[in-house]
Amino acid sequence: PREVTGNQEKALELFEEALAELGLTRKTFPILTLIYSNSNIRESSSLFLAQEWQRIFQISCQVIGYEFHSYLNKMMKGDYQLGTLF
């Protein structure tokens, strides 16, 4: 596993503060869902982000791809937690 860099250490510090403020632990933190519009580059980028969040913050993340029309509808309705936009 790769080491955590200075910027990542700061992000981890802020994440720890946020967990404390919310009264959450990593075990009670909800699974993050990242959606993307189907394409190889978007899938690769989304999987990379989720893997980094899992590695650095030690939280669960899932990645879901949608056909563009379905993806756009979700984005327009605000029916998502995290989404990519390129």
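Which residues of α1 are buried?

1. In this predicted model, the buried residues of α1 are Gln8, Phe15 and Leu19. Viewed down the axis of α1, these buried residues lie within an arc of 40 degrees, so they line one face of the helix. They pack against α2.

2. The other side of α1 carries Asn7, Ala20 and Glu21, which are exposed.

3. As to its geometry, α1 consists of 17 residues and spans 24 Å from its first C-alpha to its last. That figure is close to the 24 Å expected at 1.5 Å a residue. Just after α1 comes Gly23, with a positive phi of about 70 degrees.

4. The largest nonpolar core comprises nine residues: Phe15, Leu19, Phe29, Leu32, Ala50, Ile56, Phe57, Ile59 and Cys61. Both α1 (6-22) and α2 (40-57) supply at least two residues of this core. The largest share, three residues, comes from α2. Phe15 and Leu19, members of this core, are also among the buried residues of α1.

5. Apart from neighbours within four places in sequence, Leu19 is in contact with Leu24, Thr25, Arg26 and Phe29.

Note on methods: Residues are numbered from 1 along each chain as its sequence is written. This is a predicted model: local features need pLDDT of at least 70, side-chain atom pairs count only at pLDDT 80 or more; totals for chains, interfaces and linings use all residues. Side-chain values use heavy atoms; hydrogens and water are left out. A nonpolar core is a set of buried Ala, Val, Leu, Ile, Met, Phe, Trp, Tyr and Cys residues joined through side-chain atoms within 4.5 Å. Buried means under 20% relative accessible area, exposed over 50%, partly exposed in between (1.4 Å probe, protein chains only). Helices (H or I, at least four residues) and strands (E, at least two) are DSSP runs, numbered from the N terminus. Contact means heavy atoms within 4.5 Å. The expected span of a helix is 1.5 Å times one less than its number of residues. The arc is that of the directions from the helix axis to the C-beta atoms.
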